[in-house]
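Please work through the exercises below with the sequence and the model side by side, trying each task before reading its solution.

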Amino acid sequence: NKSYSGWKIAPTPNYCGDGKSVVSGDFNGDRKTDYAAKIFKGKKGYIIAFLARGINYTPYLFHSLTAAEVKETALIIYRKGEKHYAELAGDIHLFRNGKFEAL
């Protein structure tokens, strides 16, 4: 709420299977829980990761979309070594060398 006051979690369509609006995991290997979320306010939407940094979180913007577009997406966590199906996947983001990379 501090930086994104008034923003709401975007719903995920039923046809997205296991996809979610918010996912969590240790994205950067520091043993702290990080999050990624789909949020919207008015006509704007974002997909953002939040990495734990002490008592705060540092945001990393993945996508700036319209609210309608963000509501039509889903977030899925792939575990290290897990196979994914490219035709089902949109962008995949990997944290490597201190930053996120889109694959």
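The exercises go from confidence to charged residues, then to contacts, backbone angles and the surface.

This is a predicted model, in which local features need pLDDT of at least 70 and side-chain atom pairs count only at pLDDT 80 or more, while totals for chains, interfaces and linings use all residues. Residues are numbered from 1 along each chain as its sequence is written, and side-chain values use heavy atoms, with hydrogens and water left out.

**Exercise 1. Find which element has the lowest mean pLDDT and which has the highest.**

Start with the score itself: pLDDT is the predictor's confidence in each residue, from 0 to 100. The protein averages 87, and 91% of the residues score at least 70. Next, take the elements, where helices (H or I, at least four residues) and strands (E, at least two) are DSSP runs numbered from the N terminus.

**Exercise 2. Locate the salt bridge of the structure and state how far apart its closest N and O atoms are.**

A salt bridge here is a side-chain nitrogen of Lys or Arg within 4 Å of a carboxyl oxygen of Asp or Glu. The structure holds one, and it joins Arg-96 to Glu-101, with the closest N and O atoms 2.8 Å apart. In general, side chains of opposite charge can pair when their charged atoms come close.

**Exercise 3. Decide whether Lys-38 is buried or exposed, and identify the nearest side chain of opposite charge.**

First place the residue: Lys-38 is found in strand 3. Lys-38 is buried yet has no salt bridge, and the nearest side chain of opposite charge, Glu-72, is 8.2 Å away; in this count Lys and Arg are positive and Asp and Glu negative, while His and the chain ends are not counted. Then look for polar contacts, meaning pairs of N or O atoms within 3.5 Å; within protein, one atom must be able to donate a hydrogen and the other to accept it, and residues adjacent in sequence count only if both atoms are side-chain atoms. The side chains of Lys-38 and Thr-12 are joined by such a contact of 3.3 Å, and a polar atom of the Lys-38 side chain lies 3.0 Å from the backbone oxygen of Val-70.

**Exercise 4. Trace what the side chain of Ser-21 reaches.**

Ser-21 sits in the loop between strand 1 (8-9) and strand 2, and it counts as buried because its relative accessibility is 14%. Its side chain reaches the backbone oxygen of Ala-10 at 2.5 Å. The Ser-21 side chain also makes a polar contact of 2.9 Å with the side chain of Thr-12, the residue whose side chain contacts Lys-38.

**Exercise 5. Name the residues that make the nonpolar surface patch of about 350 Å².**

Such a patch is made of residues with over 30% relative accessible area and no salt bridge, with like charges joined within 9 Å and nonpolar side chains (Val, Leu, Ile, Met, Phe, Trp, Tyr) within 5 Å. Here the members are Ile-9, Val-22, Tyr-35 and Tyr-57. Of these, Tyr-57 lies in strand 5 (residues 56-66) and counts as partly exposed, at 41% relative accessibility. Finally, follow Val-22 to another part of the chain: its C-alpha atom is separated by 6.9 Å from that of Leu-75, 53 residues apart along the chain.

Methods. Areas by Shrake-Rupley, 256 points an atom, 1.4 Å probe, with all protein chains shown as cover. Buried < 20%, exposed > 50% of the residue type's maximum accessible area, 1.4 Å probe, protein only.
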